[in-house]
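Please read this briefing with the sequence and the model side by side. It goes through a ligand site first and then a few single residues.

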Amino acid sequence: MTTATADHLRRLPKAELHCHVEGAARAATIAELAAGNGVGLPVADPADLFEFTDLNQFLEIYDVVCRSLVTADDFHRIAYEACEDGVAAGVRYREMFFSPGFVLKLGVPIETVWAGVSAGVRDANADLDITCRLILDVDKPSGPAHAEEMVSFAAGCDRELLLGVGADSVERGIDHAAFAPAFEAAARAGLHRTLHAGEDGPAENIRIAIDVLGCERIDHGFRLLDDPELTRRVADAGIPLTVCPTSNVVIAHVVPDVASHPFDTQRGQGVRVTVNSDDPGMMRFDLADEYVAVADAFGYDLEVMEDLSLAAVDASWAPDDEKSALRRRFLEEFDVLRAEAGLPARG
Ligand code: ADE
Ligand code: ZN
């Protein structure tokens with residue numbers, strides 16, 4: 001068994017499918033943007049806000065952070081910096097959520113959000129060793145009509161960059177099936193579909209995401225194993241879960257530590273699990289940290305960690321030729337890193 005060092009896992013090439021641009025923002029950037037926009041924060045250093053008791057309280061803090069984001073330049077900056085920080089964690093490919101619902105409520109137009117986020121990602125793709133694309137995450141509490149508006153906006157965006165739609169924010173008290181018209185419209189527009197489900201809500205929300213909303217991936221899916229029949233179906237259909245183990249510990253508080261997370265059991269039951277950071281800025285824990293946490297918690301050797309990295313490439317919505325190229329590149333880089341560490345090639 002070949003265990004990898006933390007440095008090896010940091011440098012391991014990775015793909016990330018569940019990361020929110022607002023939650024990836026640096027605390028120092030949020031402080032600067034808030035000051036520049038004349039927005040008061042309840043603390044001098046936003047990092048002091050980043051202790052969470054549960055998902056709903058986390059989302060209240062998310063709301064505070066989002067108040068600092070006003071201009072297209074603000075969105076450009078957080079998108080670009082999120083890609084820079086991704087690169088430092090070994091992320092070569094990312095599908096990144098942006099959640100306009102939080103700022104739309106404050107009067108920031110969707111056009112401003114999209115102009116900034118899309119330009120930030122385009123610039124990062126040109127300047128840095130990363131390919132990043134975007135997923136518009138609908139704010140569930142803003143309701144089904146808002147979701148339909150967001151889908152219709154997404155349908156008109158540059159589809160090279162905007163791959164699909166999801167829905168995030170609170171899960172408890174939400175009628176997930178009510179989003180069916182929006183998700184049907186997304187499917188008709190050729191947009192990919194995913195949903196935050198079974199994070200701190202029941203496995204039933206995962207079932208609705210698949211059977212009613214036609215989702216191709218599930219974000220979190222923490223509660224999947226509660227429903228053995230659904231688990232079988234998810235495994236057999238190869239529906240990927242974008243799991244965020246540390247987020248489930250420190251944000252949703254649904255598990256005391258990563259070792260107690262159902263990730264390993266889900267994987268053992270044939271579910272296509274991937275490893276993701278969720279909100280690396282607000283958690284001060286990036287995807288490289290997450291790989292180390294998962295390897296430590298479950299005793300995974302280097303080959304398993306490489307497999308998990310490739311699983312995220314396979315579960316991505318990148319065009320097939322790009323996926324094949326990413327796979328080839330990752331395999332080459334795996335062996336370069338192995339050779340540097342004096343380890344045998346992957347074979
Ligand atoms: N938005 C950002 N992070 C989230 C999470 N972990 N759950 C739901 N909505 C979110
Ligand atoms: Zn999330």
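A polar contact is a pair of N or O atoms within 3.5 Å; within protein, one atom must be able to donate a hydrogen and the other to accept it, and residues adjacent in sequence count only if both atoms are side-chain atoms. One such pair here is a nitrogen atom of ligand 1 and a polar backbone atom of Ser169, which are 2.9 Å apart. This is a predicted model, in which local features need pLDDT of at least 70 and side-chain atom pairs count only at pLDDT 80 or more, while totals for chains, interfaces and linings use all residues. Residues are numbered from 1 along each chain as its sequence is written, chains are lettered from A and ligands numbered from 1 in the order in which they are written, and side-chain values use heavy atoms, with hydrogens and water left out.

**The site of ligand 1**

- The residues around ligand 1 (those with a heavy atom within 4 Å of it) include His20, Tyr62, Ser169, His220, Asp278 and Asp279.
- By class, this shell has four nonpolar, four polar and four charged residues; Ala, Val, Leu, Ile, Met, Phe, Trp, Tyr, Cys and Pro count as nonpolar, Asp, Glu, Lys and Arg as charged, and the others, Gly among them, as polar.
- Helix H3 (residues 55–66) gives the largest share of the shell, four residues; helices (H or I, at least four residues) and strands (E, at least two) are DSSP runs, numbered from the N terminus.

- Asp278 is found in the loop between strand S8 (273–275) and helix H13 (280–283).
- Is Asp278 buried or exposed? Asp278 is buried, with a relative accessible area of 3%; buried means under 20%, exposed over 50%, and partly exposed in between (1.4 Å probe, protein chains only).
- Phi of Asp278 is near 75°, a positive value in a residue other than glycine.
- The side chain of Asp278 makes a polar contact of 2.7 Å with the side chain of Ser247.
- Ser247 has its place in helix H11 and counts as buried because its relative accessibility is 0%.

**Asn248 and its partners**

- Asn248 is also found in helix H11, and at 0% relative accessibility Asn248 counts as buried.
- The side chain of Asn248 makes polar contacts with the side chains of His220, at 3.2 Å, and His261, at 2.8 Å.
- His220 is itself one of the residues around ligand 1.

**Other residues**

- His253 lies in the loop between helix H11 (245–250) and helix H12 (263–268), has a positive phi near 55°, and counts as partly exposed because its relative accessibility is 41%.
- Glu148, in helix H7 (residues 143–155), counts as partly exposed at 39% relative accessibility.
- Gly101 lies in helix H5 (residues 101–104) and is buried, with a relative accessible area of 2%.
- Gly101 and Glu303 are 202 residues apart in sequence, and their C-alpha atoms are 40 Å apart in space.
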